[in-house]
Amino acid sequence: EVQEKESVSSAGERTAKGRGLVLAIGAAVISFLLIGGGAYWYVSSKTVYIDQSVISAPVINLSPSSPGVLEQIFVNVGDTVTVGEPVARVGDQIVEAQTNGEIISVNNDIGALINPAAGQGAVASMVDPSQLRVVGHLDENKGLSVVKVGDPVIFTVDAFGGKTFKGVVDEISPTSRASGVVFDISNQRPTNEFDVKIRFSTSAYPELKNGMSARIWIYKQ
């Protein structure tokens, strides 16, 4: 009978300890959620988030000054060129790079007639890496009114996982994107998207390339 009482007492102590452990774990989880939720709210209140973003630079099309037959191409996609470097020969004309940069497309249709006046004049296209920007598409009702030129920015690039990069707001488009109209489901009102361009140090981040996808957090000032 004594052993039975001791066994019951031990079982009760274990049950109490188990309940205490469960309560402690539950309290820790709730605290974590509250702290995490508070941190998320704090960050959200201080930042404007843009999910749809891409690294890009203005495309420079290289063309002859007059019509002619494409005789030779001297570069390939991905080549780095310097200003004045020969890119192609059209008839007797040598088409040269207009600035230092990277070739992003070439016309390999040797023998084709190149006619700039007819909109068929590009023998190659290039970008100037120093002009790379992170371009985000921001809905007008998701923080556009508080974003200002000079605001500090943190952004990530899909190709580099969770690594963060720094920049600043360089330009906010004065007009909406022609193809960036979405609709608010609640009232079917059109919501326009505006381009927000982020400048960053291309020398500090040489790994960032034209066309990479990114995400942006703009810190409100």
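**Exercise 1. The pocket**

In this predicted model, what is the volume of the largest pocket, and which residue classes line the largest pocket?

*Solution.* 
- Start with size. The volume of the largest pocket is about 170 Å³.
- Next, list the lining. Glu-102, Val-127, Pro-129, Ser-130, Leu-132, Thr-202, Tyr-205, Pro-206, Leu-208, Lys-209 and Asn-210 line the largest pocket.
- Then sort by class. Six lining residues are nonpolar, three are polar and two are charged.

**Exercise 2. The chain as a whole**

*Solution.* 

**Exercise 3. Two salt bridges of Asp-170**

Which residues pair with Asp-170, and where in the chain do the partners lie?

*Solution.* 
- Side chains of opposite charge can pair when their charged atoms come close.
- Take Arg-133. Its closest N–O distance to Asp-170 is 3.2 Å. Asp-170 sits in strand S12 (residues 164-172) and Arg-133 in strand S10 (residues 133-139), 37 residues apart.
- Take Arg-199. Here the closest N and O atoms are 2.5 Å apart. Arg-199 is in strand S14 (residues 190-199) and Asp-170 in strand S12, so this pair ties together parts 29 residues apart in sequence.
- Compare accessibility with the cut-offs: buried means under 20%, exposed over 50%. Arg-133 has a relative accessible area of 15%, so Arg-133 is buried. Asp-170, at 25%, is partly exposed. Arg-199, at 38%, is also partly exposed.

**Exercise 4. A salt-bridge network**

How many salt bridges does the whole structure hold, and which residues join Asp-158 in one network?

*Solution.* 
- Begin with the total. The search finds six salt bridges.
- Look at Asp-158. Asp-158 forms a salt bridge with Arg-215, with 3.1 Å between the closest N and O atoms.
- Asp-158 lies in the loop between strand S11 (152-157) and S12, and Arg-215 lies in strand S15 (residues 213-219), so the pair ties together parts 57 residues apart in sequence.
- Asp-158 is partly exposed at 46%. Arg-215 is partly exposed at 32%.
- Through shared partners, salt bridges join Asp-51, Asp-158 and Arg-215 into one network.

Definitions and conventions. Residues are numbered from 1 along each chain as its sequence is written. This is a predicted model: local features need pLDDT of at least 70, side-chain atom pairs count only at pLDDT 80 or more; totals for chains, interfaces and linings use all residues. Side-chain values use heavy atoms; hydrogens and water are left out. On a 1 Å grid over the protein atoms alone, a cavity is a set of points where a 1.4 Å probe fits but cannot get out, and a pocket is an open set with protein on both sides within 12 Å along at least five of seven lines; lining residues have an atom within 4 Å of a point. Grid points are joined across faces, edges and corners, and a volume is the space filled by probe spheres set on the points. Ala, Val, Leu, Ile, Met, Phe, Trp, Tyr, Cys and Pro count as nonpolar, Asp, Glu, Lys and Arg as charged, and the others, Gly among them, as polar. A salt bridge is a side-chain nitrogen of Lys or Arg within 4 Å of a carboxyl oxygen of Asp or Glu. Helices (H or I, at least four residues) and strands (E, at least two) are DSSP runs, numbered from the N terminus. Buried means under 20% relative accessible area, exposed over 50%, partly exposed in between (1.4 Å probe, protein chains only).
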